[in-house]
Amino acid sequence: MRSKDLQKNRGFTLIELLVVIAIIAILIALLLPAVQQAREAARRSTCKNGLKQIALGLHNYHDSHRTFPPGAVWYGTGSAPANGREANWGTTWVVQVLPFIDQANLYNRYNMSLPARSANSDAGDSVLRAKISVLRCPSQPKIDRSNLTQDHNGFSKITYAGSVGGGSTLDIADYRNIARRGVFSAIAQNGAKIRDFDDGTSNVIMLSEIVTSLSTGDDKGAWGWCTGPLFAGQNSNGILTPNVSAITDRTPYASNNTSDKDPNRRNNPDDTNDNSGQAARSFHVGGVHVAMADGSVRFASENIDQTTYLNLLAIGDGNVLGEW
């Protein structure tokens with residue numbers, strides 16, 4: 001009888017199964033945050049490397065042209081208007097740097113004789129609808145579904161932008177004020193030269209992350225449009241420190257989203273005057289990656305002092321900062 005009993009198959013009791021399931025659930029609960037943190041660390045590293053590549057590309061551009069590229073170029077007559085929805089805006093700094101970030105084929109397809117709203121941005125396989133991975137932070141979701149299509153066929157979006165300085169995006173007075181001027185300018189169709197950096201290139205922020213909107217009527221991040229790949233230190237709402245939650249972005253094409261639960265997604269109604277501006281923003285906890293004008297990449301805390309931050313955006317305000 002005993003040998004027969006030993007030969008019988010013994011199954012798990014219900015209690016034993018429940019205990020095993022509970023243990024597995026606890027292990028998953030313990031491991032999942034660690035896995036998510038590891039993934040985010042990898043995404044942050046990729047983001048940092050992307051900014052580094054763009055910064056080096058801009059320096060290679062400077063070596064070839066003796067200047068950084070203009071924020072945007074005006075294809076109309078007379079002075080560029082403080083209106084980010086005028087149809088005669090042309091190429092941007094992103095287009096100009098394409099050959100220096102291994103995108104020469106895309107650059108060669110861009111028709112420099114045409115404004116941005118043209119065959120350059122028509123639906124289909126046009127240049128400005130291209131999705132360039134090196135210009136996108138992997139921590140930001142759903143970018144592929146957020147082209148700018150208002151008033152024209154469409155511009156793809158990215159998550160990095162160039163600094164116009166401590167002022168607003170399209171204010172010519174801010175450009176003329178050396179205490180506010182940044183590396184790029186659309187309104188002045190200008191890019192700074194290394195010799196212009198009175199504060200030293202290691203003390204000036206050149207590039208930062210930005211957060212795009214899923215709205216097709218929002219220009220934040222639209223890399224072929226004049227205001228899309230630019231960020232500012234201020235707009236008519238106030239000072240735009242990294243990931244600022246109390247103040248919304250104001251851009252010429254706005255999603256009119258002022259109540260989103262994520263402050264980085266909010267955007268005030270359309271602002272077509274010279275007080276427009278979008279902030280440095282990211283999906284990283286605690287701040288944003290920024291590339292300095294010397295090509296190094298640092299992490300700017302969202303708790304940074306406002307005055308310190310504005311000083312870092314200006315190329316020649318006379319404030320040489322140490323730790324921040």
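These legends go with several close-up views of a predicted model. Residues count from 1 along each chain as its sequence is written, and side-chain values use heavy atoms, with hydrogens and water left out. Because this is a predicted model, local features need pLDDT of at least 70 and side-chain atom pairs count only at pLDDT 80 or more, while totals for chains, interfaces and linings use all residues.

**View 1. Here is the largest nonpolar core, with 52 residues.** A nonpolar core is a set of buried Ala, Val, Leu, Ile, Met, Phe, Trp, Tyr and Cys residues joined through side-chain atoms within 4.5 Å. Buried means under 20% relative accessible area, exposed means over 50%, and partly exposed is in between (1.4 Å probe, protein chains only). Leu-207 and Trp-223 have the most contacts inside this core. Helix H2 (14-65), strand S1 (72-74), helix H3 (93-97) and strand S6 (205-209) each give it two or more residues. H2 brings the largest share, five residues. Helices (H or I, at least four residues) and strands (E, at least two) are DSSP runs, numbered from the N terminus. As a general rule, nonpolar side chains in soluble globular proteins tend to be buried together.

**View 2. Now zoom in on Leu-207 and what it touches.** Contact here means heavy atoms within 4.5 Å. Leaving aside neighbours within four places in sequence, the contacts of Leu-207 include Leu-51, Ile-54, Trp-93, Phe-184 and Phe-231. Phe-231 also belongs to a second, separate core of 15 residues, along with Ile-304, Tyr-309 and Leu-313, among others.

**View 3. Trp-93 and Phe-184 make a stacked pair.** Rings of Phe, Tyr and Trp (its six-membered ring) pair if their centres lie within 6.5 Å; planes under 30 degrees apart are stacked, over 60 edge-to-face, and the rest tilted. The structure holds six such aromatic pairs. In this one, the centres sit 5.2 Å apart, with 25° between the planes. Trp-93 is in helix H3 and Phe-184 in strand S4 (residues 184-185), 91 residues apart.

View 4. Ring pairs link Phe-155, Trp-225 and Tyr-253 into a cluster.

**View 5. Finally, look at Arg-44 over the face of Phe-299.** Arg-44 lies 4.4 Å from the ring centre. Likewise, Arg-181 lies over the face of Tyr-175, at 4.4 Å from the ring centre. A charge sits over a ring if NZ of Lys or CZ of Arg is within 6 Å of the ring centre and within 35 degrees of the ring normal.
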